[in-house]
Amino acid sequence: MKKDGNVYGNHISQSFNEELAALKSRFLEMGGLVETQVLQAVKALTERDAELANLVRDEDKVVDRYEMKIDDAAIHILARRQPTARDLRLVVSIIKAVSDLERIGDESKKIAKLALQLVEGDKTPNGLTEIRHIGQHVATMLNGALEAFARLDVEKAVEIIKEDKNVDAEYKTASRSLMTYMMEDPRTISECMSVMWVFRALERVGDHACNLAEHIVYMVEGEDVRHTKIDQLNEQLKRLD
Amino acid sequence: MPIGRLSSAEVEARVVRSLKKRHIKEKAFRAVGLSGVVTGLVLVLILFTSILSRGLPAFWQATFELDVYFNPEIIRIDPRPTQTSGESSGDFRERELAWLTQVNMVNWNRLLEDSVIAAAPEAAAMARRDVRRLITSGERFQLREMVAENPSIIGETRRLRLLADANVDVWLRGNIDRSLPDAQQQLSRATRDLADKLFEEGIIKIRFSQALFMNPDSRSSLASAGLAGAFVGSLFMMLIVMFLAVPVGVASAIYLEEFAPKNKLTDLIEVNINNLAAVPSIVFGLLGAAIFINTFNLPMSTPIVGGLVLSLMTLPTVIIATRSALKAVPPSIRQAALGVGASRVQTVFGHVLPLAIPGILTGAILGVAQALGETAPLLLIGMNAFVTNIASTPFEQSAALPVQIYLWQGNELRNFFEARTSAAIIVLLALMISLNAFAIWLRKKFERRW
Amino acid sequence: MSTNKTVRMSANDVRVFYGDKEAIKGVSVDIMENEVIAFIGPSGCGKSTFLRCLNRMNDTIEGCRVEGEITLDGNNIYDSRMDPVLLRARVGMVFQRPNPFPKSIYENVAYGPRIHGLASSKRDLDEIVEVSLSKAGLWDEVKDRLMEPGTGLSGGQQQRLCIARTIAVSPEVILMDEPCSALDPIATATVEELIEELSSQFSIAIVTHSMQQAARVSNRTAYFHLGKLIEVGDTDEVFTKPKNELTEAYITGRFG
């Protein structure tokens, strides 16, 4: 199986090629947009930038429009081209991945809203370092997943699936330390709860990035690796080679 | 999964049982079919061997090679008249005719007798009649023609090939029982002995018979009876059929198949054409006699009438063959042509007809071949008349090959004409086979895949 | 999608009778400029019969009678002044089975222009042949063997040759009667791609018994059922949310 970017071209029908290419590139555009959204939301929060937070909140509408457009295009392809094999996997994976991207957008919006709340308070909340750290981590994961999608890179996708464990660990550690703050000073509880929500949102972003990576594995290899333990996953992929 | 009450094993057992029966039936049918084919082949083989074995010898016949002395003592004639100045051509013609009568009066037989005697001196002792019977009577005309054409050969000696009498041929080739008593022999003992001697000396040889191909029929000089008249007659009729029945038939078939509206009238025409094809050929002969001879006053026994009658007879065959050839052209070709905007005529002549041509040609030529072998209608228009000239136009009286075969078959000199009849059959068959071969060649040439 | 295009052909309450049997029961549909319209429906629904009305191919069938009005650029094609030969030059047709003439590839394409007198010189004709074959996507495959018989090509090539033969006459509308039903999937895909390319220059009406094909190649789809036109609309619409229950049942494979 050739794994260059052109595996979805080469149909006799030129317009089918074009439709698939457009679907892919629109998906990647949406991915890029969502990735920026995550980074911007984290930045707005950590740097207490209300303007940026508002921007992120507004951008969610664009993301939603992307989602609808991509779904529409995918349905168009399903109805008119009757895609099979890798084409079918591509279209189905994109339909699923798009909803993951949209959820990431939603999480970013949530973070932006919390950022606006936190901006109003005059005190610098606890846990900003963790937010920055986890935010960076999940943004990298998301970026990696999109890159893996663009390059049909299964190895990279598997790395990202594995990476999710680390995000989960970081999330737990950060929550625990935040818990300590809350116990030390119950007055900060409401503030800390907001930060907790941000942790939670970022953790969800990591989960969605992980889902994306799973879709990529399915898309490229045709193997469903969801709900699979890491060592089993390695086995499964080894069998393919 | 067994369906019904039988288990899989029982189903198989039953199938096996019924198989045996089916196989026996199949084998039986094959055996019957094969034996039919073999019988047919054997019969054809017998027919051909018998015709060939009987007919082929007739292509050769006993021929003298003699020095003939144009004895001026015997040929006592005036010099050939020439047209003098001031003489009318009518007068000259009259003088010339008188001279020709003089030439005719010469005792040419004597010249022949003398030549035989010169070659075999002991014949001098025989009765002249017995010597004369060696050479067929028609050959004296050969001498007469030579002199009439060129009187200067009088007094000279020429080496000529002369056909032996039919009875001599029969005797020499053992086609008559040599032990029969004299009374039952056609030739006198002296003639037979002389013939044997001349044969031994090589004066009479069995040579290839040009007479068979070059001469018309003859009854007075049986040995020189030939097929030329009949062949030319048949040829004329064939040409008439080809140039009349084929174009008319093909044109009507194209019209009926491609252009005519489909209604009661065309249905009626179609049914009648099919019926016409089944009408016995002798009926066409009657029709020809009634229409062409009685109504149009065309001369009897002529190839023109024969050709017209045979054309009528062949027409339905050609129409039916052409229509089925046209029908066999796939409709997709018609649609394709109509689809790019070809008119009906362009479609038919540009696309349908070229594809149908092999079939049409085959049908037409088979029709012509059938007409060529037809005898019955020709009998009714008098083509069984005994005609001794070779027709030079279709309006002259002529014989025809199949009728010639019929006539020779009835000739009383059986020993000679049995072979001659078979030879004529061979000629007719050869003509037919070459026509069929031509048809096959044409079909192969025009055949295209679509 | 097709609303702002001009109408090329228009059928208005068309009825077709075979003897006493009414095969088409009042069909009205427009064919737009530069569109591919697909006629789909179960066997015997009249889609082919209707297609053949559009270039009066039904004229050649005994006992076939057409009522109603079909116009080409506003002129009624069943008018007595309309010559069917001219009509068929303007409304070309491609058939179910590839049916090249048993002649050379060149002759196949040159035949139409020649009988209609479209080329004034040999060079003109050569050009028409080359352009037509190129448009049919066949030129590169056959340019070195133009004098070889058209029947020696593969099925898909033959069908493209037939398409080249049709477009050589520069028709306005091309009718295709199940053009891929005798072809293998790859040849089918090639012809479908060709149809899509041709739609930029011609109006194409295609009858197909493969609804997937209709979905792939057409801009609009018309669904026929028992001689009636049940639904016509943008292909996207028809294949994602058909308006009529019958259409839905047919395209989802629930028919009957």
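Predicted model: local features only at pLDDT ≥ 70, side-chain atom pairs only at ≥ 80, totals over all residues.
Two strands are said to pair if DSSP finds at least two bridges between them.

Strand 1 of chain C, residues 7-18, pairs with strand 2 of chain C over 9 bridges, in the antiparallel sense. Within that pairing, S10(C) lies opposite D30(C) of strand 2 of chain C. Both strands belong to an open sheet of 4 strands in chain C, whose order is 2-1-4-5 and whose pairing is antiparallel. Which strands stand at the edges of this sheet? They are strand 2 (21-32) and strand 5 (75-76) of chain C; each has a single partner strand, so one side of each is left without a neighbour in the sheet.

Strand 3 of chain C, residues 36-40, presents another arrangement to consider. Strand 3 of chain C pairs in the parallel sense with strand 8 of chain C, residues 203-207, over 4 bridges. Here the bridge partner of V36(C) is I204(C) in strand 8 of chain C. In strand 9 of chain C, R220(C) stands opposite I37(C).

Are the residues of strand 3 of chain C buried or exposed? Of its 5 residues, 5 are buried, and the strand is mostly covered. In a regular strand, side chains alternate between the two faces of the sheet.

Chain B contributes 17 residues to its contact with chain C, and chain C contributes 21. On the chain B side, helix 13 (331-339) and helix 14 (344-373) each supply at least two residues. Helix 13 of chain B gives the most, with 6 residues. By class, the side of chain B that touches chain C holds 7 nonpolar, 7 polar and 3 charged residues.

The contact between chain A and chain C takes 10 residues from chain A and 12 residues from chain C. Helix 1 (14-46) and helix 2 (50-81) of chain A each supply at least two residues of the chain A side. The largest share of that side, 5 residues, comes from helix 2 of chain A. The chain A side divides into 3 nonpolar, 5 polar and 2 charged residues.

In chain B, helix 9 (residues 228-259) and helix 14 pack at an angle of about 145 degrees, with their axes 9 Å apart. Their crossing is right-handed. Among the residues making this contact are M238(B), V241(B) and V250(B) of helix 9 of chain B, and V348(B), I360(B) and G367(B) of helix 14 of chain B. The contact comprises 15 nonpolar, 2 polar and 2 charged residues.

In chain A, the axes of helix 4 (residues 128-151) and helix 5 (residues 154-184) come within 10 Å and cross at roughly 165 degrees. Angles over 145 degrees count as roughly antiparallel, and helix 4 and helix 5 of chain A are therefore roughly antiparallel to each other. Helix 4 of chain A passes helix 5 of chain A in a left-handed crossing. The contact includes H133(A), H137(A) and M141(A) of helix 4 of chain A, with I160(A), E163(A) and Y171(A) of helix 5 of chain A. By class, this contact has 10 nonpolar, 3 polar and 5 charged residues.

Notes
Residues numbered from 1 in each chain as written. Chains lettered and ligands numbered in written order. Contact = placed C-beta atoms within 7 Å. Nonpolar A, V, L, I, M, F, W, Y, C, P; charged D, E, K, R; others polar. Axes fitted to C-alpha atoms, helices over the stretch in contact; angles between N-to-C directions. Parallel < 35°, antiparallel > 145°, perpendicular 65-115°, else oblique. Left-handed = near helix turned anticlockwise from the far one by under 90°. Buried ≥ 20, exposed ≤ 12 C-beta atoms within 10 Å, placed from the backbone.
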